[in-house]
Amino acid sequence: MAQFAVNPSFISFAGGYPAADAFDFDGIRRASEKAWSQGAKDCLQYGATEGVAPLRAALKALGLARGIHAEDDQLMVTTGSQQALDFLLRATVAPGDTVLVERPTYPGALQAFRLAGARVVGIDGDAEGIDPQAVARAIEAAPSKPKMIYVVPTFANPTGATMSESRRRDLLALAAKHDILLVEDDPYGLLRFSGDAVAPIAAHAAKDAELRKVSVYLSTLSKVAVPALRIGWMVASSEVTRRCVMAKQVSDLCTSPWMQHIGAAYLDSPEFAAHVPRIIATYKERADAMVTALHQAFDKEWVFLVPDGGMFLWVKLPRGVDAGELLKAALAQKVVFVPGAACYASEPDAACLRMSYSTASPEVIREGVARLAHAYRSYCVG
Ligand code: PMP
């Protein structure tokens, strides 16, 4: 699908890419220059596996602003948050271990679980994310105690849904009761354009030593700055962090100190503070355009949750419609999306698809949805 997504004659709602036209080119350039002029040797030398000091300080401050506390031995910088997930699996999950996930969930996490040989059990989510009671039942039903619960609780990839405050607390308490790691993957949490803020699960965990033991928080600069920095980070118990640091030592010794110093300079700059509200406004405009266009084109036939933030919209098609088949008709109209099946560990729901509104302008979104409406009509007449 990537070949279609980059073909200029196609309109892509498929990628999970941030808006390149909204990148802060000047801010990132100035941060690069500052990092270089403040310490070119530090930029070019190896760095500590846990991450360089200025970036660690900036990430701690970013976390604290949202109630996430990290002692020195509880924070680790990674090469994107995808790498954090990989190390976490190497450090804590053996082949055959059970991992519980929301149904549907982020395909990149599913791939990592598969590669780790995990037994992935999906639990249906709804507009408020995963239901802790259903998780409790899955824990009871598992042949052995699950090792991990993985969630994207805020503006989820792929559904756009946000888990309610009460479910966050209940899920964390449940994980602590059974001593199961609760992994909160949070690339999109800062990208809220409507509704009230909900604290990260890791902020709830900050108040209690038992809760902190099981809480793992992952985030990234990919969606709030630029993916090319490849800066992610993890906040976890000192024991889990120590094991992940060992995994990173074996894997790549350290994340590029050069990129880390640029990341630190950017996070500390007024440009970053101005950039986040700007991209939130961009995504709001694009989400509004997509929601309106879909309502006009498909009325109530296509059902979706109106997102409060992030980059995704998850469509439930009428029963019996196969999103994979619909994609073929869409390709003929030069428009692409992700068929929902990619987001399920097993027993996929074929009548779902993921649309990303992050990269296209409102005009292009309207044109893309019009093409989709054509494709849908030709699919329906068969
Ligand atoms: N988790 C989720 C839910 C994502 O959507 C993504 C990126 N698409 C990642 C992790 C990985 O991001 P990165 O490695 O760029 O930090």
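Rings of Phe, Tyr and Trp (its six-membered ring) pair if their centres lie within 6.5 Å; planes under 30 degrees apart count as stacked, over 60 as edge-to-face and the rest as tilted. A search of the whole structure on this basis finds 10 aromatic pairs.

The model is predicted: local features need pLDDT of at least 70, side-chain atom pairs count only at pLDDT 80 or more, and totals for chains, interfaces and linings use all residues. Residues are numbered from 1 along each chain as its sequence is written, and side-chain values use heavy atoms, with hydrogens and water left out.

**Exercise 1. Classify the aromatic pair formed by F113 and Y150, and locate both residues.**

Step 1. The ring centres of F113 and Y150 are 5.4 Å apart, and the angle between the planes is 75 degrees; the pair is edge-to-face.

Step 2. F113 belongs to helix α5 (residues 107-115) and Y150 to strand β6 (residues 148-151), so the pair ties together parts that are 37 residues apart in sequence. Helices (H or I, at least four residues) and strands (E, at least two) are DSSP runs, numbered from the N terminus.

Step 3. F113 and Y150 are both buried. Buried means under 20% relative accessible area, exposed over 50%, and partly exposed in between (1.4 Å probe, protein chains only).

**Exercise 2. Classify the pair of F298 and Y376, and determine how it is placed in the chain.**

Step 1. The centres of the two rings, F298 and Y376, are 5.5 Å apart and their planes stand at 80 degrees, so the pair is edge-to-face.

Step 2. F298 lies in helix α12 (residues 270-298) and Y376 in helix α14, and the pair links distant parts of the chain, 78 residues apart.

Step 3. F298 counts as buried at 3% relative accessibility, and Y376 is buried with a relative accessible area of 5%.

Step 4. Ring pairs join F298, W302 and Y376 into a cluster.

**Exercise 3. Describe the packing of helices α13 and α14.**

Step 1. Two packed helices are described by the angle between their axes and the distance between the axes. Axes are lines fitted to C-alpha atoms, for helices over the stretch in contact, and angles run from 0 to 180 degrees between N-to-C directions.

Step 2. Helix α13 (residues 323-332) packs against helix α14 (residues 362-381) at an angle of about 120 degrees, the axes being 8 Å apart. That makes α13 oblique to α14; angles under 35 degrees count as roughly parallel, over 145 as roughly antiparallel, 65 to 115 as roughly perpendicular and the rest as oblique.

Step 3. The contact (heavy atoms within 4.5 Å) is made by E325, L326, A329 and A330 of α13 with L372, A375, Y376, S378 and Y379 of α14.

**Exercise 4. Identify the backbone features of P104, P158, D179 and D299.**

Step 1. Most residues other than glycine have a negative phi, and most peptide bonds are trans.

Step 2. The peptide bond from R103 to P104 is cis, with omega near 0 degrees; P104 is in the loop between β3 (98-103) and α5. The bond joining N157 and P158 is also cis, with omega about 15 degrees, and P158 lies in the loop between β6 and α7 (165-178).

Step 3. D179 is not a glycine, yet has a positive phi of about 55 degrees. D179 is found in the loop between α7 and β7 (181-185) and is partly exposed, with a relative accessible area of 48%.

Step 4. D299, not a glycine either, has a positive phi of about 45 degrees. D299 lies in the loop between α12 and β10 (303-304) and counts as exposed at 52% relative accessibility.
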